[in-house]
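Here is a short report on a predicted model. Please keep the sequence and the 3D view at hand while reading.

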2 protein chains.
Amino acid sequence: MNGAELALRTAVLNGVDICFANAGTTEIPLVAALDKEPGIRCVLGLFEGVCTGAADGFGRVLDRPAMALLHLGPGFANGIACLHNARRAMSPVVNVIGEHASWHRHADPPLNMDIAALAGTVSGWKRTCRSHRSLSRDMAAVIAAGARGQVASLIIPNDHQWADCADIPVIMASPSFEPVDLEAVDRAARVLRTGRRTAMVLGGRALRIKGLLTAARIRAATGCDLLANSFPGYVDRGGSLPAVTRIPYFPESAMELMARYDVVVLAGAWDPVTFFGYEGVPGSVIPDGAAKIAIDHSGQDVSEALEALADCVGRPGKAAVAKGCGTYAKRSSLPTGPLTPETVSAVIAALQPEEGIVVDEGLTTSFPYYPLSHGCAPHGFMTIAGGAIGYGMPCAVGAALAAPGRTVINIQADGSAMYTVQALWTMAREDLNVTTLLCNNGGYRIIAMELERAGLTDPGKAARALVDIDSPPIDWVDLSRGLGVSATRVEDARALAREMKRAMKEPGPHLIEMMIKR
Amino acid sequence: MNGAELALRTAVLNGVDICFANAGTTEIPLVAALDKEPGIRCVLGLFEGVCTGAADGFGRVLDRPAMALLHLGPGFANGIACLHNARRAMSPVVNVIGEHASWHRHADPPLNMDIAALAGTVSGWKRTCRSHRSLSRDMAAVIAAGARGQVASLIIPNDHQWADCADIPVIMASPSFEPVDLEAVDRAARVLRTGRRTAMVLGGRALRIKGLLTAARIRAATGCDLLANSFPGYVDRGGSLPAVTRIPYFPESAMELMARYDVVVLAGAWDPVTFFGYEGVPGSVIPDGAAKIAIDHSGQDVSEALEALADCVGRPGKAAVAKGCGTYAKRSSLPTGPLTPETVSAVIAALQPEEGIVVDEGLTTSFPYYPLSHGCAPHGFMTIAGGAIGYGMPCAVGAALAAPGRTVINIQADGSAMYTVQALWTMAREDLNVTTLLCNNGGYRIIAMELERAGLTDPGKAARALVDIDSPPIDWVDLSRGLGVSATRVEDARALAREMKRAMKEPGPHLIEMMIKR
């Protein structure tokens, strides 16, 4: 057994069963070892952003890490934008990066880079393997670190991958969270019991079924409202789960919402701040004078902290808990007419299947979707989390591999789609049940809106040229077919509904290019 | 005048006239300022790797920097792989990266990242602008730094872009190289005069016309051979220029070549080492006991050092200098038959036009091309330099914009092309005279070769799945048309010659998908 075989053996023993890869010469032993390790499935991405984004999507759905196998510094760099989203989504992701042989690195060969510096910008945990003797320990450690809901990165020099490891035991490590901070929980409980107007902002595991059910108990006992950051990583939604209000993207709406509260309790959530800094607008959307209490910090399991909090604030009756939770009632009806953000969102909300997974990178097109889908059947929902565009199609790849029985619907803005368009090929190769609803509005609409906000209501030629991507128009049907995914174009809501039904019924990936009315 | 306008004014005054951009909210003032600054042309890339790669290609052709305008950390990260190649190509590149308002960054909004850490991995010079008062000085400094043949990066917080700069003067800075190290030159001259078998390895500016003509003088005076690293950034070739031998990629061939020499003189070149570390193979390809002398180091202008060296070693006659230089004689004839690395390379060498620019990312398909094209008419030639795949199509964009009158031929491997396929759209949008010769061999052939080298002559299913990209096959004609570039497919050398002639005659971009026989 060589080092690479030992590393993969360790990965499987520690619960990793899939590897999204784009490997090169420095990872050859790991590539070869994949053939000896049936416990790990290997999926090729034609660009590293596809691999890291897919690992993120997989992690968000199953709450356990997939592995991304990447080639040296440039390969890792190509995966950083998607890892940035994974970090903000608190998604469990394990990166394994091949490095030059430890004895060759000082020669500074052409591909040499400071991989550790790159890894540090997105990883909650990182390490360079120093010897084949520690390889299994390092591998177990990176998986345990990733499993705590963070990006974890291990750099393995090529010589350690080749080294003879016959006598080295395979290490198992249990991911362990830090204990709940009972003092913080108690502080929050005391404030919640005062009856002051309170928003509980949920994030990370608090937005999964268990966390949400606990949060519903706390709401019933205290009357608090349940919110989430603007761009949560993964939310279980629909059915009888409590509806969670996302803090709006634009600061004025966000501040209007938050002005209702005297107290903000953070449970696995990021501090609610504006997405960008706007002159004359405060950076925090929490009103001056409001109290802010976090019941957990990174490294802890927020769902445990929520349980402790629920125990502190009392036991409401079942009827009280159910109040405000979903009832399947608000099934939206199928609209007709041109494709607008409203009609597109309504069609999706009306047709999305039970236990589907919606990967939302529709940006301006899908703004209306979230509230419209509160009353839908149970489903998973994910957003861009870190704001780095191009996350949608790779995440859809990972989601479909994580849950082969669930239909994945990717609402996908065109400008963002171009960033990681290579993901379509992996969908075709793996025959994934992904329906991509491509929002063709011919531009970076969100930037056009921000230009307007900045007072540039009549942008000049140069500014428009950086926002419009319709000259030449991208033909998404050709593009998609070129990458092996069958595709069709629709111009109105009725056609969208027809094609969406058809796409979800047929196995394998489909792309529907929606010509959005501007 | 606000900070953004001041920054662009400074850029123009310091000789920057093109900006490859993919901007977002944090760069809005710069986007708006582009409309007030007619001296700078703005070109949109649909992925940041296109922007940085194009800036690299532009810099390689003109030996002066273009600007890449990038959005925060994730935007910069997407450009790193191409910047890595630019760094190894010693290409002049200026990055301007928008950052959150300085007062907002501490709030850690979703897109917040350590941009400086990212920039440090590829930049020879980096700075974060601390005040609008220093903005013009910072901008002049980043351009002067880039002009010295390196990647230079300036991070500009959004509030400094908006700040009133009416009273702040526009700064001009002259790029200045460090003085030539005359001692090093003298050492090299003394060794060269001993008549020992000497290889002079040229790199950076030494491979441009002026440097090459000086190198030819030194060769005539001393009998040294002229070599280059395996992957030089930019080489002026053909016509009456001296032919330069590239050190082969595979270590055995490289060591066989270098075994001929007792002395290796480095002139603007990287230390010749193997591309990867192979067990049992030395990292350096210079034989034990051979002397190694560098006549320059980074920050100096190697063409000046070469001049000084030529002056030291004496003045050979014109005939002696011309010996070994090109004569246009070896025009290769047009082959027929299936498309193989040999026939493809021969067709290109036979048809490439005078003053064309060849961007070679053909990898295994174009291995035979370089020696075949020694006798061609004058042309520019560039390679992958840092080994980060995906450089070719973006570099072709930059080259075509740098030299609109010259035909750009991009020999482009399929696996690498997928990394930055978005570049095709910019070619269409800007109507660039680029002929992309897409080498469809359905796989990462170079990795298959490295697998074989490692003894894996019969790779298993998993290993093959990471090397073959032909299932599903990528339809490059559909893909290219989807992005606005007309495309055709050829199956043999005669059809390639026909389509290549047609493509070069018609203005605008064309893609020819070459079905390479495996």
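## A sheet in chain B

In what order do the seven strands of the open sheet in chain B run? The order is 9-14-13-15-16-18-17, and the pairing is mixed. Strand 9 (234-237) and strand 17 (486-490) of chain B are the edge strands. Each of them pairs on one side only. On average, neighbouring strands of this sheet are turned by 20° against each other, direction ignored.

Strand 15 (residues 408-413) and strand 16 (residues 434-440) of chain B run parallel. Six bridges join them. Within this pairing, Gln412(B) stands opposite Leu438(B) of strand 16. Helix 15 (residues 392-402) of chain B lies across strand 13 (356-361), strand 14 (379-382), strand 15 and strand 16 of chain B. The helix runs at about 175° to strand 15 of chain B.

## Two chains, one axis

The contact takes 80 residues from chain A and 80 residues from chain B. On the side of chain A that touches chain B, helix 4 (residues 72-88) of chain A gives the most, with eight residues. That side of chain A divides into 48 nonpolar, 22 polar and ten charged residues.

## Domains of chain A

Chain A is divided into domain 1 (3-162), domain 2 (182-322) and domain 3 (341-515). The centres of domain 2 and domain 3 of chain A, taken over C-alpha atoms, are separated by 29 Å.

Across this boundary, twelve residues of domain 2 of chain A are in contact with 13 residues of domain 3 of chain A. Strand 9 (residues 234-237) of chain A supplies the largest share of the domain 2 side, four residues. By class, the domain 2 side has six nonpolar, three polar and three charged residues.

## A buried loop residue

Val122(A) sits in the loop between helix 5 (115-120) and strand 5 (125-128) of chain A. Is Val122(A) buried or exposed? Val122(A) counts as buried, because 32 C-beta neighbours lie inside 10 Å.

Leaving aside neighbours within four places in sequence, Val122(A) is in contact with Ile80(A), Leu83(A), His84(A), Arg87(A) and Val151(A). Ser153(A) is 31 residues from Val122(A) in sequence, and the two are 9.1 Å apart in space, C-alpha to C-alpha.

## Backbone details

The peptide bond from Ser471(A) to Pro472(A) is cis, with omega near 0°. Pro472(A) lies in the loop between helix 19 (461-465) and helix 20 (476-482) of chain A. In chain B, the bond from Ser471(B) to Pro472(B) is cis, with omega near 0°. Pro472(B) lies in the loop between helix 19 (461-465) and helix 20 (476-482) of chain B.

Asp108(A) is not a glycine, yet its phi is positive, near 50°. Asp108(A) is found in the loop between strand 4 (93-99) and helix 5 of chain A. With 15 C-beta neighbours inside 10 Å, Asp108(A) counts as partly exposed. Asp431(B) has a positive phi near 50°. Its place is the loop between helix 17 (423-429) and strand 16 of chain B. Asp431(B) counts as partly exposed, with 14 C-beta neighbours inside 10 Å.

How values were computed
Residues numbered from 1 in each chain as written. Chains lettered and ligands numbered in written order. Predicted model: local features only at pLDDT ≥ 70, side-chain atom pairs only at ≥ 80, totals over all residues. Helix = DSSP H or I, 4+ residues; strand = E, 2+ residues; numbered from the N terminus. Buried ≥ 20, exposed ≤ 12 C-beta atoms within 10 Å, placed from the backbone. Contact = placed C-beta atoms within 7 Å. Nonpolar A, V, L, I, M, F, W, Y, C, P; charged D, E, K, R; others polar. Pairing = 2+ DSSP bridges. Axes fitted to C-alpha atoms, helices over the stretch in contact; angles between N-to-C directions. Domains from an automatic or database assignment.
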